[in-house]
Amino acid sequence: MRLSDTLYLIGQLANKQLDYLHISFNDYKRVSISEEYQDKPIIDYLFKKINGRVPFIGVGDIRTQEEADHVLVNADLVALGRALLIDPHWAAKILNDREDLVRKELSEYEREELIIENGVWAFLEGMMPERLIKE
């Protein structure tokens with residue numbers, strides 16, 4: 001699917017009575033492979049296309065408050081996935097200005113505490129092996 005097709009679909013969806021649009025990315029900084037859409041990240045194009053018609057949730061390997069703030073320039077809300085699997089208290093730590101306490105890596109020792117089962121662990125191994133500590 002080309003980005004132009006995605007933008008058309010997003011435009012149509014934004015005209016519906018939806019509660020929000022959440023488009024998953026593995027990286028919020030991702031740029032399209034289409035030459036005509038390479039001057040800024042895809043999320044920027046989507047936000048512009050939606051044009052406030054429906055709340056847009058930005059997502060894509062957001063790890064820090066700075067990254068969340070950057071996404072909020074082109075999104076109404078921010079969704080976290082991997083960051084919350086590593087540190088379920090990420091949001092509370094950020095909101096309390098304690099980003100220094102945010103866990104940035106996950107070890108096998110923490111799997112039981114965080115209830116990270118084999119399927120999720122395998123997903124994390126594929127998506128972010130550099131953030132897993134194997135002892």
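**Figure 1. Asp97 counts as exposed, at 64% relative accessibility.** The model is predicted: local features require pLDDT of at least 70, side-chain atom pairs count only at pLDDT 80 or more, and totals for chains, interfaces and linings use all residues. Residues are numbered from 1 along each chain as its sequence is written, and side-chain values use heavy atoms, with hydrogens and water left out. Relative accessible area is sorted into buried (under 20%), partly exposed (in between) and exposed (over 50%), with a 1.4 Å probe and protein chains only. Asp97 occupies the loop between helix 5 and strand 4; helices (H or I, at least four residues) and strands (E, at least two) are DSSP runs numbered from the N terminus. The backbone of Asp97 has a positive phi, near 55°, in a residue other than glycine.

**Figure 2. Ile115 is an exposed residue with a positive phi angle.** Its relative accessible area is 63%. The phi of Ile115 is near 55°, and the residue is not glycine. Ile115 sits in the loop that links helix 6 (111–114) to helix 7 (118–127).

**Figure 3. The largest nonpolar core contains 24 residues.** Such a core is a set of buried Ala, Val, Leu, Ile, Met, Phe, Trp, Tyr and Cys residues joined through side-chain atoms within 4.5 Å. Leu21, Ile23, Leu46, Ile50 and Phe56 have the most contacts inside this core. Two or more residues each come from helix 1 (3–14), helix 2 (42–50), helix 3 (65–71) and helix 5 (90–95). Helix 2 makes the greatest contribution to this core, five residues. Apart from this core lies another, of eight residues, including Ile86, Leu114, Ile116 and Leu132. With residues up to four places away in sequence not counted, Leu21 touches Ile10, Leu13, Ala14, Ile50, Val54, Pro55, Phe56 and Ile57, a contact being heavy atoms within 4.5 Å.

Figure 4. After helix 2 comes Asn51, which has a positive phi, near 50°. An α-helix has 3.6 residues a turn, so residues three or four places apart point the same way.

**Figure 5. The largest pocket has a volume of about 260 Å³.** On a 1 Å grid over the protein atoms alone, a pocket is an open set of points where a 1.4 Å probe fits, with protein on both sides within 12 Å along at least five of seven lines; lining residues have an atom within 4 Å of a point. Points are joined across faces, edges and corners, and the volume is the space filled by probe spheres set on them. The lining of the largest pocket comprises 14 residues, and those nearest its centre are Met1, Leu3, Arg30, Ser32 and Ile42. At least two lining residues come from helix 1, and at least two from helix 2.

**Figure 6. The second largest pocket has a volume of about 160 Å³.** Its lining is made up of Gln65, Ala68, Asp69, Leu72, Val78, Trp90, Ala91, Ile94 and Leu95. Helix 3 and helix 5 are the elements that supply two or more of these residues. The largest share of the lining, four residues, belongs to helix 5.

**Figure 7. Asp61 makes side-chain polar contacts with Arg63 and Arg131.** A polar contact is a pair of N or O atoms within 3.5 Å; within protein, one must be able to donate a hydrogen and the other to accept it, and residues adjacent in sequence count only if both atoms are side-chain atoms. The distance is 3.1 Å to Arg63 and 3.2 Å to Arg131. Asp61 belongs to the loop between strand 2 (56–58) and helix 3. Leaving out residues up to four places away in sequence, Asp61 touches Asn26, Tyr28, Glu67, Arg82 and Arg131. The C-alpha atoms of Asp61 and Tyr28 are 6.6 Å apart, although 33 residues separate the two along the chain.

Figure 8. Ser107 counts as buried because its relative accessibility is 8%.

**Figure 9. Glu66 is part of helix 3.** Glu66 is exposed, and its relative accessible area is 66%. The C-alpha atoms of Glu66 and Leu7 lie 27 Å apart, and the two residues are 59 residues apart along the chain.
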